[in-house]
Amino acid sequence: MNTTKNWQRSIVGVVAVAAALLAGCSDDGGSDTSDTTADTTAQTATIVEACMSVGGTLTQLSGETWDCGEIPEPNEVEYTQITDFLAPFCPEPMGYSNGFTSTEPPTMGWSCWVAEEEAAATAEGVCAQADGAFEAFSDLEWTCRDVTMVDDSTYGNVDEALLPYCPPPLGLTNGQLSSEPLQYGWSCSVMTLTDDITLAQACEFIAGTLETSDGGAWRCTDVPLANDGSYSLVQDFLAPRCQPPMEYTSGSLGDNPPLAGWSCSVPA
């Protein structure tokens, strides 16, 4: 189940959830929802019992994290009740979210996960929050596959969350892996500098500033280094644009923020 925080929810059906949760809640809304939630929570000792009482299936992931899914899509009142009811089982600083787990039939799930500032400090952390399958090919190249799409917000959230972990000259690409269920995958790999990419486009891609001079000489300066491996990646990325007998050099331009520059000059 995807645990991305910014879910969009569409309440289109009215279905029953566990009688324990809705006990004393009449159709005319005459009962006090907060009292019902408090009473039920007090009687429930574990998240296992709480998830079962709302008709869900619990997956205990690791530590304090859990997914309570496969709950038939609730109506507006039931949605609020389930959210409030399960919240005490996910104390701060854990992250608490919900979203659709399937569309046919429409079911929802609630999740408790390690908050973004702790877990999503890596591409693997982001991929885990999106319920994807992560694989690393090197210190910087990776894939995040089998991410289930339910609506447009799922795709946009995952794409935006993964982008910072694939800095130029690495490139983030994605594609559809299956239609039933609808699943996508993302890849982060070193971009190849091909002949149809101009020098100006190459320097812009790595967020540098290009300066050119007579004889085919150039400088691509003020290139931000996103991580420890960025220097060598940029070195290899720009190298095809400086062929012998031109001299290809580079150097650090600052540490805060970390910047570097590359030059292609006419031999003295």
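This is a predicted model: local features need pLDDT of at least 70, side-chain atom pairs count only at pLDDT 80 or more; totals for chains, interfaces and linings use all residues.
The accessible surface of this chain comes to about 14100 Å², and 51% of that belongs to carbon and sulfur atoms. Those areas come from the Shrake-Rupley method with a 1.4 Å probe, and for residues only the protein chains shown count as cover. Residues are numbered from 1 along each chain as its sequence is written, and side-chain values use heavy atoms, with hydrogens and water left out.

Let's stay with the whole chain for a moment. Of its 268 residues, 39% count as buried; buried means under 20% relative accessible area, exposed means over 50%, and partly exposed lies in between, with a 1.4 Å probe and protein chains only. The chain has 9 helices and 12 strands. These are DSSP runs numbered from the N terminus, helices being H or I with at least four residues and strands being E with at least two. As for contacts (heavy atoms within 4.5 Å), residues 24 or more positions apart account for 54% of those with a separation of 6 or more.

Now, the disulfides. A disulfide is a covalent bond between the sulfur atoms of two cysteines. Here the term is used for a pair of cysteine sulfur atoms within 2.5 Å. How many does a search of the whole structure find? It finds 6. Counting the bonded cysteines along the chain, the pattern is 1-2, 3-4, 5-6, 7-8, 9-10, 11-12.

Let me walk you through some of them. Cys90 and Cys112 have their sulfur atoms 2.2 Å apart. This pair links distant parts of the chain, with Cys90 in the loop between helix H4 (76–86) and strand S3 (95–103) and Cys112 in strand S4 (residues 106–113), 22 residues apart. The link is right-handed, with 85 degrees about the S-S bond, and both Cys90 and Cys112 are buried.

Moving along, Cys166 and Cys188 form a disulfide with their sulfur atoms 2.1 Å apart. Cys166 sits in the loop between helix H7 (152–162) and strand S7 (170–179), and Cys188 in strand S8 (residues 182–190), so this pair too links distant parts of the chain, 22 residues apart. Why is this disulfide called right-handed? Because the torsion about the S-S bond of Cys166 and Cys188 is about 95 degrees. Cys166 counts as buried because its relative accessibility is 4%, and Cys188 counts as buried at 2%.

Then there is Cys242, joined to Cys264 with an S to S distance of 2.1 Å. Cys242 lies in the loop between helix H9 (230–238) and strand S11 (247–255), and Cys264 in strand S12 (residues 258–265), so the pair ties together parts that are 22 residues apart in sequence. With 85 degrees about the S-S bond, this link is right-handed. Both Cys242 and Cys264 are buried.

Let's finish with the aromatic rings. Rings of Phe, Tyr and Trp (its six-membered ring) pair if their centres lie within 6.5 Å; planes under 30 degrees apart count as stacked, over 60 as edge-to-face and the rest as tilted. By this rule the count comes to 7 aromatic pairs. One of them is the tilted pair of Tyr231 and Trp262, 5.1 Å centre to centre and with 45 degrees between the planes. Tyr231 belongs to helix H9 and Trp262 to strand S12, 31 residues apart. Are these residues buried or partly exposed? Tyr231 is partly exposed, at 30% relative accessibility, whereas Trp262 is buried, with a relative accessible area of 0%.
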